[in-house]
Structure formats: structure tokens, C-alpha cells
Amino acid sequence: MLHNNRLFAVAAILGLLIATVLGSGPGMAQAAPGAPAPAATTPVAPAAGCGMNFADVPAASWFYPFVEYLYCSHAVSGYGSEFRPNATTTRAQLTKMIGNALGWPLTYSGAPHFADVPPAQPFYQTIEAAYAHGIISGYQCGGPGEPCPGTYFRPGADVTRAQLAKMIILAQGWDAANPAQPSFSDVPPGAWYAGYVEAANLQGVVSGYADGTFRPFASATRAQLAKMIYNTLTPPAFDQGDDESEIQPQDDVSEETPEDLDPGPDGGPGLALPGEAGKAPSAPATATISGTITSTNTGSPLVGARVVAHPVGGGADVETTTGAAGAYTLAVPAGSYNVVAAAPEQMYPVTLAPGGPVTLADGGGATVSFALTQGGVLAGTITDSTTHAPIQGADEWAVPVALPPRAYGGTLSDGQGRYRLVVPAGPVGAWAAKPSDTYPRTPPSGGNPI
């Protein structure tokens, strides 16, 4: 078992960060008393080269990487040659997707717990697994065709966005949230789902619509569910290593809109494919990205800051550093790029370019300037909880509570198990993992945001 110790030191001008625990949200509906207490499980890793080939999931679609990841993890399947991304998902189907993604076993005692889910029901095992893990509770009798007494799950009903938020938050063991100001105009603090929606938003799993609504009772499509579950299992990360030559943005950092539904063909994720970061571009450079990087703390140019252009949809990064006037120029092939900048040695964390991705044609140019704000350092050691020996090569990352869905990842821990991350000032949640040696994702001692 991995043990994650950490200490937090911030720049003197910003002061120390204080411990912050997410508040409990209203309407906390848990499983009925008597549910088993299953052991923690590890998310299922995707199989390499699994050969997904759905006719309705083209490689250029915004949802392709999410469906591929979950398909290769055996968390989702399909309908023959189709995935049906725009189809709605039933409550029973969602229990299967979450249970498969998290690797839950399918044998539990004390069942059945729902009058409308007998052992012969096709989703019986996954529904009972969801009940055992406390992510569902069911409905009391009284609905159409529901004689009393009895508790019903309604497996064939479509999943709403509110229900999805609740199930994901409970499945991950995250606390419900109750911010001072509601994040969405249609999620009032007194609603049963408010704490779950707010927590999902803080964790970067969901965001909402451009009009400021969440639409909690709208049905969720299979493509939307794939993205939300993917975001839950794979926090985005940036490589901040002092001994590395790149900053590597991953996963869900490239959406141009705050919507978690369909960001459109140009708003898909900027995935960093394994082994590609830092390679030379496969196409000749025909366009330029240039700009300046300054400090919001001092107003001065930042010299030696790193800037990386990361192709939207995956590909080879192009990077450089700023000169004496804080200026930089990147020569890149035509295409769309996420541009990020950081100066970790000076406590300036990774920052995504304002305005989202930039798209360049042959011979084109774009100006992308940054004003970076100094943050602090999250550092500590990673050891085995049984032997207390340091763990080398473990991943460490942090997610600022106030800035979802950005995440900040560092280099692998060294031979003494040490790591160092530069993050924005404010409360953050941190995790460490080394899946190759069967150390699952583990929060720091205490487990709460810091």
C-alpha cells in the first residue's frame, strides 16, 4: 500500500495555505442501512491496442478518446458495430459502466434489495454492486406499477444529470460541496442533488452550459457519460519536472466552452499520447505562435519560462523558453494547439493560454501572451505503508479546489520517494499512484484538501 506524506510551502508574499475541507452538501442520500462495506477497489486500466472500431465514433469526434479509454478498460461495450453516443442511458446501464470502470466484484450478500431487480434481471449483479458501495438507494413504492410495501430501483429509467453527479461523487468517496455562492442558476442550495453537483463541478468532472445552468433533470447521453466517467478516473496532469524538457498537458484542458456536453469538433480534449511528448513534429513547421510572459506579482517579464504548444487531439509537443524580454516564438505545423506556460523554478504554475486553443493555417501566425501568478510548492515523500521504504517512480498530482479542471502533475518520485509540485495558491487535493507496482491512487495522510 502506498503512503503519501506531504508538506506545503508557499511563496512568502502569498502566505501559507490553510487546511480546507469541502463542506457536506444537502440531500445526502446513502444506501439503506445494512448494506455491506466492500473493500476499496482500483480502476481498471485500459488494454493497449484494443481495436475499438465503432462506426458511429469517428476518430475526429470530441467524444472519441473518452469512449476509447472506457471501451479498452472494458467499462463500456456497444451494440454490435455501434456505440450509439447520442442515445440516453438507463440507471441500470450506468451502474454497469461505473462498476466495470472501478473494478467492483459482482458477488454480495443480503440481496436482492430492490423489488424490481430480481436475480434474473440482466443488471442484477451490477445494481447490487452499486448498492453495496453506497452509490444508490432507490425509491419508495407508489409509482406506476409499484405495489407497496417495497423499495424500487427503476432500472429502465433514463439517468438524469443530477443522478449521474450523485453516483459519481459517491462512487469516488468524495465529499458533497456547499459553496457560499451556487455555481449554477438552476441548482439551488436546498436541492437534494446540489451538494453532488457542486462537488462534481469542483472536481472538474462536470461544468455546465454557457447560460449558467446545469439542467439537472436533463437526460445524459452515452457520449456525455463516457466523458464524465473518464474525467473521474483520469485527472489531467502537467509534467513540471526540473529534469524534463516538456510541460505535458493531458486530458480535459482544451475545451473552448464550459460545457461538459458537446463542445463541438474543435473543442475536444488535448490528449498527450504515451511516448510522444518532446518528439520533433512529424510535419514541417509552417506557422508561428509568439507572445510574451509576464508576472502578475511584479509586472516584469519572466525570463526562462517554458512555453509548450500541444496539438489538440494528441501529437508531438513543440516547446521553447522565453528570452530576456519575456518573449518567445514557436515554429509549428499548421493545426490547432493548446498553449501552456510555466516557470516552476520561480513558483509560477502551469497556466493554459487565455481564450482556449489556437488554430493556424499554413503561413499563419498567432499571438498568445501570458500573465502568470506566483503560487506555492507542494512537496513530500511517498513510501510503502507496510515497509516504510521510499517508492521511486510514483506519480503525484494536485487539483486546486477553486480551479477545476486544471491539475498539476510532477516528475516521478526519486530514489528517496521525494516529489515536488508547483500549484496555485489556495486549497488543493493531492494524490499519488504507481499502478505498475499495484499501488492504486492514494490521497495524502488525512485525505482532505489542503
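Visitor: At roughly what angle do the axes of helix 4 and helix 6 cross?

Guide: Good place to start, and keep in mind that this is a predicted model. Helix 4 covers residues 161–172 and helix 6 covers residues 222–233. Their axes come within 11 Å, and they cross at roughly 25 degrees.

Visitor: Are helix 4 and helix 6 roughly parallel or roughly perpendicular to each other?

Guide: Their axes cross at roughly 25 degrees, and angles under 35 degrees count as roughly parallel. The crossing is also right-handed. Helix 4 and helix 6 are therefore roughly parallel.

Visitor: Which residues of helix 4 and helix 6 make the contact?

Guide: Both helices contribute side by side to this list. By class, the contact has five nonpolar, two polar and one charged residues. Helix 4 brings R161, L164, I168 and Q172, while helix 6 brings L225, M228, I229 and T232.

Visitor: How many residues of helix 6 are buried?

Guide: Helix 6 has twelve residues and reaches 16 Å from its first C-alpha to its last, close to the 16 Å expected. Among its buried residues are R222, K227 and Y230. Helix 6 is largely enclosed by the rest of the structure, because the buried residues number twelve of the twelve.

Visitor: Are helix 2 and helix 3 roughly parallel or roughly perpendicular to each other?

Guide: Helix 2 (residues 91–102) and helix 3 (residues 124–132) have axes 8 Å apart and pack at an angle of about 70 degrees. Angles from 65 to 115 degrees count as roughly perpendicular. Helix 2 and helix 3 are therefore roughly perpendicular.

Visitor: Which residues make the contact of helix 2 with helix 3?

Guide: By class, this contact has three nonpolar, two polar and one charged residues. On the helix 2 side you can look for A92, T95 and K96, and on the helix 3 side for T126, I127 and A130.

Visitor: How many residues of helix 3 are buried?

Guide: The buried residues of helix 3 pack against helix 2. They are Y124, T126, I127, E128, A129, A130, Y131 and A132. Helix 3 is mostly covered, and its buried residues number eight of nine.

Visitor: Which two residues does a cis peptide bond join?

Guide: Most peptide bonds are trans. With omega at about -5 degrees, the cis bond joins C148 and P149.

Visitor: What is the phi of R154?

Guide: R154 lies in the loop between strand 3 and helix 4. With a relative accessible area of 27%, R154 is partly exposed. Most residues other than glycine have a negative phi. R154 is not a glycine, yet its phi is positive, at about 55 degrees.

Visitor: Is H388 buried or exposed?

Guide: You will find H388 in the loop between strand 13 and strand 14 (395–400). H388 has a positive phi near 65 degrees, although it is a residue other than glycine. Exposed means over 50% relative accessible area. The relative accessible area of H388 is 60%, so H388 is exposed.

Visitor: How far apart in space are G376 and L421?

Guide: G376 is found in strand 13 (residues 376–384), and at 0% relative accessibility it counts as buried. In sequence, G376 and L421 are 45 residues apart. From C-alpha to C-alpha, their distance in space is 8.3 Å.

Visitor: How far apart in space are I382 and A433?

Guide: I382 also lies in strand 13. At 0% relative accessibility, I382 counts as buried. I382 and A433 are 51 residues apart in sequence, while in space their C-alpha to C-alpha distance is 9.2 Å.

Visitor: Taking the whole protein, what percentage of contacts between residues at least 6 apart in sequence join residues at least 24 apart?

Guide: The protein has six helices and 18 strands, and buried residues make up 50% of its 450 residues. Among contacts between residues at least 6 apart, the share joining residues at least 24 apart is 70%.

Definitions and conventions: Residues are numbered from 1 along each chain as its sequence is written. This is a predicted model: local features need pLDDT of at least 70, side-chain atom pairs count only at pLDDT 80 or more; totals for chains, interfaces and linings use all residues. Side-chain values use heavy atoms; hydrogens and water are left out. Axes are lines fitted to C-alpha atoms, for helices over the stretch in contact, and angles run from 0 to 180 degrees between N-to-C directions. Helices (H or I, at least four residues) and strands (E, at least two) are DSSP runs, numbered from the N terminus. Angles under 35 degrees count as roughly parallel, over 145 as roughly antiparallel, 65 to 115 as roughly perpendicular and the rest as oblique. A crossing is left-handed if the near helix is turned anticlockwise from the far one by less than a right angle, and right-handed if clockwise. Contact means heavy atoms within 4.5 Å. Ala, Val, Leu, Ile, Met, Phe, Trp, Tyr, Cys and Pro count as nonpolar, Asp, Glu, Lys and Arg as charged, and the others, Gly among them, as polar. The expected span of a helix is 1.5 Å times one less than its number of residues. Buried means under 20% relative accessible area, exposed over 50%, partly exposed in between (1.4 Å probe, protein chains only).
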